[in-house]
Structures are given as C-alpha cells and as structure tokens.
Amino acid sequence: MDTSANMISRAFASSGYGVFGVREYHSNIKGRHSYIHLRIKEKQPRSLRYPVDYLVALDADTIFEHLEDVSQGTKVIYDLSFERSDLASARMIMRDTAERIRKTLEEGGYERNVKGALKLMEDRGARLIGVPFDDLVNSAVKEGPASRYFNTLGAAITLGIAGLKVEHTIEGVKAVFANKEQVVKLNVAVVQAAYEFCMNKGLAGKELPELKVGKRFLLTGNDGSAIGKVLGGLRFQTYYPITPASDESTILEEHEALKWIQKETEKLKEAGVVVVQTEDEISAVTMASGAALTGVRSATATSGPGFSLMAEGIGFAGMDEVPLVVTLYQRGGPSTGLPTRNGQSDLLFALNTGHGEFPRIVFSSGDVEECIYDAMKALNYAQRYQMPVIHMIDKNLANTMDLIPEIDRKRVKIVPPVRVEKEPFKRYDLDTDTGISGFGIFGRDIFWMTGDEHDELGHVTEDPVIRDAMMRKRFQKLVTADREIPLEDKAQLMGPSSADVTFVTWGSQKGPILDVIEDLKNDGVTANLLYLKMFSPFPSEFVSSVLKKAKLVINVESNMLAQAARVIRMNTGIEIKKHILKYNGRHMTEDEIYRAAKEIIFGKEEKVEEVLVNGA
C-alpha cells in the first residue's frame with residue numbers, strides 16, 4: 001500500500017502537481033484494512049475530501065470497507081477476481097464492521113458479496129473498472145507471483161486513467177525502488193502493460209499538462225520533526241517503540257548523513273546523532289535528561305501511554321531545570337486506545353503532566369513544514385529557558401504526506417545556553433531577573449542535583465523562604481519566554497481581521513479549515529481562523545482581543561471535550577459555545593467540516609456541537 005501510494009505521489013510530484021495524503025492503518029499486526037487517502041491538485045492541497053474520485057482496491061475487503069466513500073463519477077478500480085469474494089469470507093474485516101456492512105447491503109437489497117457491493121456503488125453513480133490483474137502482470141513479467149506486482153499495477157492503472165504521462169509514472173517507480181536495478185526493470189514492465197491496457201480499453205485519460213515548479217520535498221510529519229531536530233543541533237535521542245512516534249527515531253537512525261546539508265553532514269560524521277532504543281519510556285526520559293546535562297542537545301519521542309510513564313521524569317526535569325525536549329505524538333486514548341488512529345486528547349495532560357507545579361513550554365505544529373522549524377525551535381526553547389519543552393504532533397500530521405518548498409536555511413538558528421562565570425558556581429542562582437541561571441554541565445561544573453527542593457548550589461532544603469524564592473525563579477522563566485517568543489509562534493489570525501465567522505483550532509485541522517474558509521466565500525460568508533500554536537505560555541491577551549471582536553466563534557478539535565476551548569476559557573474567561581469535534585480516530589476532511597459549519601451557521605435549530613464521522 002505504501003509502495004503504490006509513494007509511486008502515485010512521486011509521479012504526480014515529478015510532473016509538478018501538488019500532493020497531499022494521510023496514511024490510515026490498522027493496529028492489528030496481521031494487517032487488517034489499511035489505506036492511504038490522497039489529493040492531487042495543480043496548487044499544493046491542504047486537506048482531503050470525500051467522496052473520492054478514484055477508489056483503487058488492492059484487495060476485496062477494500063470494496064466492502066469503502067462503500068460510503070463513492071459518489072457520482074467515482075472510478076472504482078479493482079481486480080476482476082474479487083467478484084468471487086463473499087462478505088462472510090472476508091477474514092480481515094472486523095466483526096462489528098462486517099455487521100455494519102451486511103446491514104447496509106441487506107437494507108438496500110444487495111447481495112452480501114463484492115458483486116453486491118459493486119452494484120451498490122454503481123447505483124450511486126460510480127464507474128466500475130474491472131482489471132484482470134493476474135493476466136496483465138503475467139503478460140509483463142515472469143519472475144515471482146503476480147500478486148507481488150499488484151500495487152504497482154493498481155498505481156499505474158490509476159495514473160493512466162488520470163492522464164499522467166508514462167515517463168512520470170516510471171519516475172515514480174525509480175524513486176520508490178532506488179538502487180534496485182532489476183526490481184525497477186520488472187516494475188517498469190508492469191507499468192507499460194498497465195498503460196497499454198488503458199489505451200486498448202479506451203480508459204486512458206486526456207494527457208495532463210506538465211507544471212513548472214521549484215525544488216520540493218515530499219515528507220511526512222515524522223520526517224519533518226526528525227529533519228528539524230538535526231537542523232536544530234540534536235545529538236542524542238531516546239525512544240521506546242510506540243506508534244506513531246517510533247518512525248521519527250528510526251528516520252534519525254537511517255539518515256544521520258543528509259546530502260543537502262553538506263557542511264553539517266561532515267560534522268555529523270565526527271560527532272553523530274546517537275539514537276538509543278531504551279527498555280521502557282521511564283528509561284527514555286531519564287536517559288534523555290542525563291544526556292542534556294552533559295551539554296548536548298537531547299530529546300525523546302513518544303505517544304500517549306509512553307508519555308504517561310514519563311510523567312515523573314518530566315517532573316524531575318522541571319525541578320532541576322533540565323533542557324529536555326519531549327516530542328509527543330498524539331493518538332486515540334485512553335489506555336492503549338486507538339494505537340494507530342488520530343487524536344488531540346493529550347493537550348490538558350501535557351499542560352499538567354507531573355505532580356506539583358513547574359513551568360514547561362507546550363506547543364504544537366499544524367503542517368509538515370511547521371514540524372521542521374518547530375522541532376528546531378523546541379531545542380532552542382529548552383536550551384534558552386532550561387525547562388521541559390513538549391512539542392505536540394497529532395497522528396494525522398505524523399502520517400501526512402506533504403510537498404513542501406526547499407528548507408529556508410536562514411531560519412535555522414541554534415541558540416546557546418546561558419553561561420555565567422561565577423565562583424562558586426551556583427547552578428540555581430537566584431540573582432536573576434529572567435529566572436534563568438547559568439547552565440551547568442557535567443564534567444565541567446560542580447553542583448548537586450536532586451528531585452527535592454534545593455538551594456542555589458543544589459543542596460536539599462525545606463526552608464520556606466528558599467522554597468518560595470525557587471518557585472518564583474522557576475516560573476519567572478515562563479514570563480521571560482512569553483515576552484521573548486514572537487507572537488506568530490504562539491498564535492495567528494489567518495484571513496480578514498473582521499469576519500462573519502471565526503474558527504478556532506490547533507494542529508492538523510489548520511489546512512482543512514483554511515479550505516473551508518474559501519468554500520464559505522461562495523455562500524457569501526466571510527471567515528477567518530484563530531490558529532493556536534502555543535498553550536504554555538498562553539497568548540491570553542491576543543486570543544482575548546480576537547475573540548471579543550468575533551461575531552460567531554466555532555471551535556474545531558479532534559477530541560471529545562474541546563480541550564483547547566477549555567484552555568482558552570481558563571486563560572481568558574471566554575467560553576466558546578459552538579464546536580465541531582471528531583474523536584473516531586480518523587482524519588478531518590474539508591467536506592465534513594464545511595457541512596458542519598453550514599449547519600451551525602445556517603441551521604434552523606440552535607446547534608451547539610457537531611460530531612464528525614468520516615473515515616473507514
């Protein structure tokens with residue numbers, strides 16, 4: 001599935017088109033239904049839509065699972081042999097999902113098999129394109145089972161029908177199977193057979209024009225965060241395997257040398273980025289703190305259950321003013337929850353993790369490009385303010401494929417820690433207006449460390465005067481951070497300064513809402529977006545000024561409790577009463593946000609909350 005999606009993405013990208021996609025995969029190791037939802041436009045897409053224009057089924061289960069995703073004009077591409085499949089024999093469809101599909105077919109009077117499902121799609125206006133997968137592959141290659149090439153065939157048939165030139169499809173194959181000459185040769189033969197099939201059957205689309213664009217990177221959110229950390233000077237990363245955070249660490253392991261930053265690559269060969277898979281998340285967070293105290297830029301990456309285990313270690317970093325970065329990839333909870341599905345339900349947890357009170361910076365990214373620069377900034381924040389920094393990336397964004405422009409090296413900055421030459425060295429010096437004391441490094445400075453409250457040298461104390469002074473010192477750093485961090489890194493108002501509707505969101509809903517704002521123009525409605533990035537320190541004054549001027553405010557989040565709206569109320573006293581929420585674990589799409597927004601704006605009944613349900 002990944003291979004075929006990468007072929008399609010890279011083929012279109014090589015022809016100059018914009019590509020955007022989200023990978024949805026089941027947590028079952030045996031591989032229950034997974035899929036990639038792609039959108040291709042002349043300009044770079046920012047969101048996805050349903051119903052789809054093409055449904056490419058690489059197995060029979062896909063026909064059943066995506067019954068609701070087709071409409072008038074959808075082209076359904078499938079292997080003719082699937083028509084023999086029955087719903088009852090679809091072993092990889094979960095029982096509750098199969099029961100829901102069965103009811104849909106029976107209530108519509110359709111057979112409970114692929115033929116029945118295809119007839120339902122056809123009656124909804126879909127165009128069925130049955131392809132003899134085995135015959136086509138066997139006519140092109142003789143090596144290995146035909147099923148080995150079904151993903152390439154499905155991708156090539158799709159691109160042929162779409163009208164993309166065959167040379168761009170071949171470019172996609174070469175990119176996916178780089179440095180594997182024989183594999184490329186065999187798959188190119190399958191591509192050519194697919195294009196010939198489309199021509200002979202009258203399926204080939206009108207040839208798409210090539211577009212001229214500059215250099216771009218096809219990346220995921222995981223890729224972006226990994227690259228940003230390297231650019232930000234990361235030298236040590238820990239992790240314990242967990243979805244969807246692990247990808248970032250494995251990317252760091254695989255790409256220590258990056259060809260497009262040659263000077264930095266030479267330095268990496270000398271120093272290296274050490275990536276350690278620990279025995280658990282408790283080890284991961286404490287080992288990362290230990291590394292940070294040697295003077296190297298250090299981070300760890302995890303998801304909800306792992307973050308829960310890190311709570312005590314993060315509290316230690318808060319007490320001892322350790323420059324620790326934790327990249328928190330959000331997924332559906334609680335407990336194991338939805339291990340491979342989207343969620344934004346960890347915001348309040350991130351703001352309050354660890355017992356007691358200590359400052360921490362909590363901020364999030366909303367697109368892949370932001371992931372790069374935000375990961376870099378997280379390391380700078382940690383070094384500058386000597387406190388835990390929690391960088392939040394939701395699963396949807398982690399697994400988003402996006403084309404971004406070439407990285408702006410002028411935006412790459414590494415801010416060194418504060419160094420104060422004093423004798424004796426006071427690691428927790430109270431003589432500071434900013435709350436930031438001189439940074440101590442193991443092996444260079446002599447100081448004491450403990451999880452207890454301490455004096456300026458680090459010695460344990462329970463003196464009430466020292467306790468009050470240390471608490472104020474630590475929290476003064478948050479005041480300093482609030483003053484120094486630019487407003488655009490904390491919150492932004494996107495769109496006109498005055499509008500009929502003001503959307504509020506954070507994370508990966510940013511792109512879909514910007515598209516919905518364009519859609520609403522056609523309905524005569526002006527809209528803007530209050531886009532939140534930083535939740536600690538929170539930009540209270542700016543957020544208050546925007547919301548007090550707003551006529552109708554609609555909050556959009558991927559959680560059940562509207563957590564960002566609660567943070568807004570806690571910091572400003574302003575209650576947002578209209579919400580569009582989604583918590584089924586699937587990515588938000590432009591069309592469903594648009595429908596929900598119109599229901600709130602134009603609906604005859606007073607709508608307080610709209611819950612979205614798209615996604616298989």
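Biologist: In which sense do strand E18 (residues 553-557) and strand E19 (residues 578-581) pair, and over how many bridges?

Modeller: This is a predicted model, in which local features need pLDDT of at least 70 and side-chain atom pairs count only at pLDDT 80 or more, while totals for chains, interfaces and linings use all residues. Residues are numbered from 1 along each chain as its sequence is written, and side-chain values use heavy atoms, with hydrogens and water left out.

E18 and E19 pair in the parallel sense, over four bridges. Strands here are DSSP runs of E with at least two residues, helices are runs of H or I with at least four, and both are numbered from the N terminus. Two strands pair if DSSP finds at least two bridges between them. One of the bridges links Ile554 to its partner in E19, Lys578. Strands of a sheet pair through backbone hydrogen bonds, either parallel or antiparallel.

The pair belongs to an open sheet of six strands, ordered E14-E16-E15-E18-E19-E20, with mixed pairing. Its edges are strand E14 (491-494) and strand E20 (609-611); each has a single partner strand, so one side of each is left without a neighbour in the sheet. Ignoring direction, neighbouring strands are turned by 20 degrees against each other on average. Such angles run from 0 to 180 degrees between N-to-C directions, with axes as lines fitted to C-alpha atoms, for helices over the stretch in contact.

Helix H20 (residues 540-549) packs on this sheet and touches E14, strand E15 (501-506), strand E16 (527-532) and E18. Contact means heavy atoms within 4.5 Å. The direction of H20 makes about 160 degrees with that of E16. Helix H22 (residues 590-602) lies across E15, E18, E19 and E20, and runs at about 160 degrees to E19.

E3 and strand E4 (residues 75-79) run parallel and are joined by three bridges. Among them, Leu55 has Val76 in E4 as its bridge partner, and Val56 has Ile77. Four of the five residues of E4 are buried, so E4 is largely enclosed by the rest of the structure. Buried means under 20% relative accessible area, with exposed over 50% and partly exposed in between (1.4 Å probe, protein chains only).

Two helix pairs come next. Helix H5 (residues 133-140) and helix H6 (residues 150-162) have axes that come within 10 Å and cross at roughly 100 degrees. That makes H5 roughly perpendicular to H6. Angles under 35 degrees count as roughly parallel, over 145 as roughly antiparallel, 65 to 115 as roughly perpendicular and the rest as oblique. Phe133, Asp134, Leu136 and Val137 of H5 make the contact with Phe150, Leu153, Gly154 and Ile157 of H6. By class, these residues are six nonpolar, one polar and one charged. Ala, Val, Leu, Ile, Met, Phe, Trp, Tyr, Cys and Pro count as nonpolar, Asp, Glu, Lys and Arg as charged, and the others, Gly among them, as polar.

Helix H1 (residues 2-14) packs with helix H7 (residues 166-176) at an angle of about 130 degrees, their axes 7 Å apart. H1 and H7 are therefore oblique to each other. Thr3, Asn6, Met7, Arg10, Ala11 and Ser14 of H1 meet His168, Thr169, Glu171, Gly172, Val173, Ala175 and Val176 of H7. This contact of H1 with H7 has five nonpolar, six polar and two charged residues.

Two covered places remain. In helix H9 (residues 221-231), 11 of its 11 residues are buried, including Gly221, Ile227 and Lys229. Just after H9, Gly233 takes a positive phi of about 90 degrees. Lys395, in helix H17 (residues 395-398), counts as buried at 1% relative accessibility. Apart from its neighbours within four places in sequence, Lys395 is in contact with Arg23, Glu24, Tyr25, Pro244, Gln330, Thr340, Arg341 and Asn342.
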